[in-house]
Structure formats: structure tokens, C-alpha cells
Amino acid sequence: MTIATAKEFVALRASEDLTEQRRASHEEAEDGVWEEVIASYPDMRFWVAQNKTVPLEILRILAKDDDPRVRDMVARKRKLSAELLETLANDSSDSVRMAVVRHPRASEVLLRRLLEDPWAEVRKVALSRLAESEAS
């Protein structure tokens, strides 16, 4: 199945039926549907970012969202490009940068840069990840 409209996505997400909520988290939609949800239903942006099938183009939009919870969810997506990880590594939110430093696709170059992060916890994780990669 595919989510056909922004209203359908909102209804699925707001439903008390777990099957419908799962559909909102796992089913694909056209880019235009995601764009309409983002534009018309700002409180649903987090849930768009959570969707397992949301395309990189939409994640690029959400990576600039005002809400740090939305950006944090984007930073946790496995499919992120190096470019998006780089962008999110400069985020003002500690939780977003922590998600980046823990991301399996964070490059060695990016991890080395995060050794200079303002938050000690991010620096600690970067150092640990670099040590792990050197040991293997």
C-alpha cells in the first residue's frame, strides 16, 4: 500500500489503531505528499522523519527544521548521505550531534572533527568510535 494524501498520513498517524500507526511509519508516499504534510501539518514533521521509507530529498528538508526533535530523528536515519551527516554535525542541538557521532555511516574524518565538539559527551563518543575502528 501507499499513502496517497497528506490527510491520509495525518489520519493514520493520529489513529489509536496500532495497525494504522504502523502504516504511517512504514508505507511509502510520493514526495509531494510528504511536502504537503511538512507544509500543512507542522506537528507531523517528526512523524514524517520517523517513516522508514521517507526519501533523502525529504530528509534534507527536515534536517533544517526549527524543531530539534525533528532534526534528531533525521540524524538517526540509516540512509543518510555523507552530506547530510556533515550538515547535522554542525547542528546547535547536542542531541542531534550525538546522533551523528553514533551514526554507523559517520566517516573517520567526521568523527575526528567531532573531537572538537563543544559538548564533552560528543567528544567522548567520537574518541571511543575512533579507537574502536583503529583496533579492528
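**View 1. Asp31 in helix H3 of a predicted model.** Asp31 is partly exposed, because its relative accessibility is 30%. Buried means under 20% relative accessible area, exposed over 50%, and partly exposed in between (1.4 Å probe, protein chains only). Asp31 sits in helix H3, residues 31-40. Helices here are DSSP runs (H or I, at least four residues), numbered from the N terminus. The model is predicted: local features need pLDDT of at least 70, side-chain atom pairs count only at pLDDT 80 or more, and totals for chains, interfaces and linings use all residues. Residues are numbered from 1 along each chain as its sequence is written, and side-chain values use heavy atoms, without hydrogens and water.

**View 2. Two aromatic pairs, starting with Phe9 and Trp34**. Rings of Phe, Tyr and Trp (its six-membered ring) pair if their centres lie within 6.5 Å; planes under 30 degrees apart are stacked, over 60 edge-to-face, and the rest tilted. The count by this rule is two. Phe9 belongs to helix H1 (residues 6-14) and Trp34 to helix H3, so the pair ties together parts 25 residues apart in sequence. Phe9 and Trp34 are both buried.

**View 3. The aromatic pair of Phe46 and Trp47**. This pair is also edge-to-face. The centres are 4.9 Å apart, with 90° between the planes. Phe46 is buried, since its relative accessible area is 15%. Trp47 has 24%, so Trp47 counts as partly exposed.

Terms used:
Helices (H or I, at least four residues) and strands (E, at least two) are DSSP runs, numbered from the N terminus.
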